[in-house]
Amino acid sequence: MKTTGGTDAQKRRAGESAAEAVSDGDVVGLGTGSTAAHAIRAIGRAVDAGLDVRGVPTSFDARACARDHGIPTVGLDTVCGPDGPGIDIAIDGADQVVLTGEGGDVEEVSGTLIKGGGAAHAREKVVDAAADRLLVVVDPSKVTNVLTADVPVEVLPEAHTTAATAIRDAGGEPTLRRAERKDGPVVTDNGNLVLDCSFDAIADPGRLAGTLSAIPGVLDHGLFVDMADEVHVGDDDGVAIHEI
Ligand SMILES: O=C[C@H](O)[C@H](O)[C@H](O)COP(=O)(O)O
């Protein structure tokens, strides 16, 4: 479920701001979505100008974007093997991020995220968690004081009804994500299905994350708890950088 409130210029400012944090020699986790794509394009321009980096894509689209913009890519299992260098920095988008307190003031910066509007959250979580630093890039429409967006849950196809029942038992309302230009469900890059789960306001994301992870057949969900190190919010005038 995409949140589409922000403008492309806001997303571009956020993506380009985070891309400036990439250093020569870095291994970079490349996030998925329209905002992360701006970061990938900016890194590509820096590579054109001589920056030496390798990218670890989080999805089919992120890999294609990296390739189109001249960024060499490498597999997660190569860089995060026993002798690999690891991932220095990851840049990724989000569908919602907890960044404000009551009234909209930036007073509580938990940086907890909902991701997976593009169904890429399972691979994103693996890459983002492996990175030394995770920089999140969003427009202001993604910022909230409490998570209310649907939580995408990737499930094995065979388990979509049993997982849906368990999610209902946990207080959620799951909806199988359907493809827009195909008669049938969205199939993830991993060959699985997605349940978009409404929980109203999520007061305790850590607890819900544990509950969802424990459901048999769930590959992963879109709650990213305590993972972000910085959130770059692009607006009409510039970028606000919030350190977690
Ligand atoms: O599955 C997709 C990802 O989690 C995206 O990073 C997220 O949906 C945000 O995408 P966008 O920047 O296009 O709003």
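The following legends describe close-up views of a predicted model.

**View 1. The two domains of the protein chain.** The chain is divided into domain 1, which covers 8-146 + 224-243, and domain 2, which covers 151-219. The centres of domain 1 and domain 2, taken over C-alpha atoms, are separated by 23 Å. Domain 1 supplies 12 residues to the contact, and domain 2 supplies 15 residues. On the side of domain 1 that touches domain 2, helix 5 (residues 121-130) gives the most, with 3 residues. This side of domain 1 consists, by class, of 7 nonpolar, 4 polar and 1 charged residues.

**View 2. The packing of helix 1 against helix 2.** Helix 1 spans residues 8-19 and helix 2 spans residues 34-48; the two pack at an angle of about 45 degrees, and their axes are 7 Å apart. Because of this angle, helix 1 is oblique to helix 2. The crossing of these two helices is right-handed. On the side of helix 1, the residues in contact are Lys 11, Arg 12, Ala 14, Gly 15, Glu 16, Ala 18 and Ala 19. Their partners in helix 2 are Ser 34, Thr 35, Ala 36, His 38, Ala 39, Ala 42, Ile 43 and Ala 46. The residues of this contact comprise 8 nonpolar, 4 polar and 3 charged.

**View 3. The packing of helix 2 against helix 3.** Helix 3 covers residues 60-68, and its axis and that of helix 2 come within 9 Å and cross at roughly 25 degrees. Angles under 35 degrees count as roughly parallel, and helix 2 is therefore roughly parallel to helix 3. The crossing of helix 2 and helix 3 is right-handed. Helix 2 contributes Ala 36, Ala 37 and Ile 40, which meet Ala 62, Cys 65 and Ala 66 in helix 3. By class, the contact of helix 2 with helix 3 has 6 nonpolar residues, with no polar and no charged residues. Ala 36 of helix 2 meets helix 3 and is also among the residues of helix 2 that meet helix 1.

**View 4. The shell around the ligand.** The ligand is surrounded by 19 residues, of which the closest are Gly 33, Thr 35, Gly 93, Gly 117 and Gly 118. Helix 2 and helix 5 are the elements that give two or more residues to this shell. The most comes from helix 2, with 3 residues. By class, the shell around the ligand has 4 nonpolar, 10 polar and 5 charged residues. Thr 35, one of the closest residues to the ligand, also takes part in the contact of helix 2 with helix 1.

Key:
Residues numbered from 1 in each chain as written. Predicted model: local features only at pLDDT ≥ 70, side-chain atom pairs only at ≥ 80, totals over all residues. Axes fitted to C-alpha atoms, helices over the stretch in contact; angles between N-to-C directions. Helix = DSSP H or I, 4+ residues; strand = E, 2+ residues; numbered from the N terminus. Parallel < 35°, antiparallel > 145°, perpendicular 65-115°, else oblique. Left-handed = near helix turned anticlockwise from the far one by under 90°. Contact = placed C-beta atoms within 7 Å. Nonpolar A, V, L, I, M, F, W, Y, C, P; charged D, E, K, R; others polar. Domains from an automatic or database assignment. Near = placed C-beta within 6 Å.
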